[in-house]
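Please keep the sequence and the coordinates at hand while reading.

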Amino acid sequence: MGVKENLEAFLKTIPEGVQLVAVSKTKPDELVLEAWEAGQRLFGENKVQDLAARAPRLPGDIRWHFIGHLQRNKVKYIAAFVSLIHGIDSLKLLKEVNKQAAKNKRVIPCLLQFHIAEEESKFGFSRQEADELLQSEDYRQLRNIRINGVMGMATYTDDKEQVRKEFRNLRTIFLDLKESFFAGDPGFKEISMGMSGDYRIAIEEGSTMIRIGTKIFGARTT
Ligand SMILES: *Cc1c(COP(=O)(O)O)cnc(C)c1O
């Protein structure tokens, strides 16, 4: 099946209110355009170089999300146009995003990434680290970022109950943070969780934003 067919079939299985981030990483521009022609406007990339090179080549009405691990020294390459950064995992990174956003006279929406998986390799805050950040004076000073919610990646495993437990944990974190720090802020509303292999569970556990590559664009070879 082509990208258009994949996308249309996939969208039928997604409840309203769950946003689809089409993860185009490593795929040629032609496939992104195919999805765009089918109506998709929200795309995700996980490498700064790829995103910075690709965005100017493709239609201007695409909203680009950065979903990967973001290095501080590379924020400047995407700050002018990125519409959401999913992987904020330190105050230092958030401050750099704020600085680059200010240079571009804009406010960049961000998600706090939480370490919900058992694997050591995945990035993200613990609950306590996030509390410290949100309580800090440094954070309060930041005028050019806003926190729209949370993001997390589950353990890569066939154990569905494990995955479910991790997603449930992320939703609990989201609700706690909302109550403690974002009460009365309707902009704090996103839970970015779920990929091709686990998005159904993620949606059952309250995901508002799923990041899907393989199911739309096919398997990646690189
Ligand atoms: C690659 C990637 C995805 C999409 O993965 P698929 O399994 O191809 O759907 C989602 N989130 C992040 C952070 C990724 O790097």
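**Pocket, rings and loops**

At least two residues of the lining of the largest pocket come from each of helix 7 (160–181), helix 8 (199–204) and helix 9 (214–217). Helices (H or I, at least four residues) and strands (E, at least two) are DSSP runs, numbered from the N terminus. The model is a predicted one, in which local features need pLDDT of at least 70 and side-chain atom pairs count only at pLDDT 80 or more, while totals for chains, interfaces and linings use all residues. Residues are numbered from 1 along each chain as its sequence is written, and side-chain values use heavy atoms, with hydrogens and water left out.

The largest pocket holds about 780 Å³ of space. A pocket is defined on a 1 Å grid over the protein atoms alone, as an open set of points where a 1.4 Å probe fits, with protein on both sides within 12 Å along at least five of seven lines; lining residues have an atom within 4 Å of a point. Grid points are joined across faces, edges and corners, and the volume is the space filled by probe spheres set on the points. The lining comprises 31 residues, of which Met 153, Tyr 156, Met 195, Ser 196 and Asp 198 are the closest to the centre of the pocket. Helix 8 supplies the largest share of this lining, three residues. By class, 11 lining residues are nonpolar, 11 are polar and nine are charged. Here Ala, Val, Leu, Ile, Met, Phe, Trp, Tyr, Cys and Pro count as nonpolar, Asp, Glu, Lys and Arg as charged, and the others, Gly among them, as polar.

The chain as a whole contains nine helices and eight strands. For 222 residues, a compact globule would have a radius of gyration near 17 Å, and the chain agrees with its 17 Å; this radius is taken over C-alpha atoms, and the globule rule is 2.2 Å times the number of residues to the power 0.38. Buried residues account for 50% of the 222, where buried means under 20% relative accessible area, exposed over 50%, and partly exposed in between (1.4 Å probe, protein chains only).

Aromatic rings come next. Five aromatic pairs are found in a search of the whole structure; rings of Phe, Tyr and Trp (its six-membered ring) pair if their centres lie within 6.5 Å, and planes under 30 degrees apart count as stacked, over 60 as edge-to-face and the rest as tilted. Phe 43 and Trp 64 form a tilted pair because their planes stand at 45°, with ring centres 5.9 Å apart. Phe 43 belongs to strand 2 (residues 42–45) and Trp 64 to strand 3 (residues 63–66), so that the pair links distant parts of the chain, 21 residues apart. Both residues, Phe 43 and Trp 64, are buried. Phe 114 and Phe 125 make another tilted pair, at 6.2 Å centre to centre and 55° between the planes. Both Phe 114 and Phe 125 are buried. Ring pairs also join Phe 174, Phe 182 and Phe 188 into a cluster.

Thr 26, between strand 1 (19–23) and helix 2 (29–37), is partly exposed at 43% relative accessible area. Lys 105, between helix 4 (91–103) and strand 5, counts as exposed at 77% relative accessibility.
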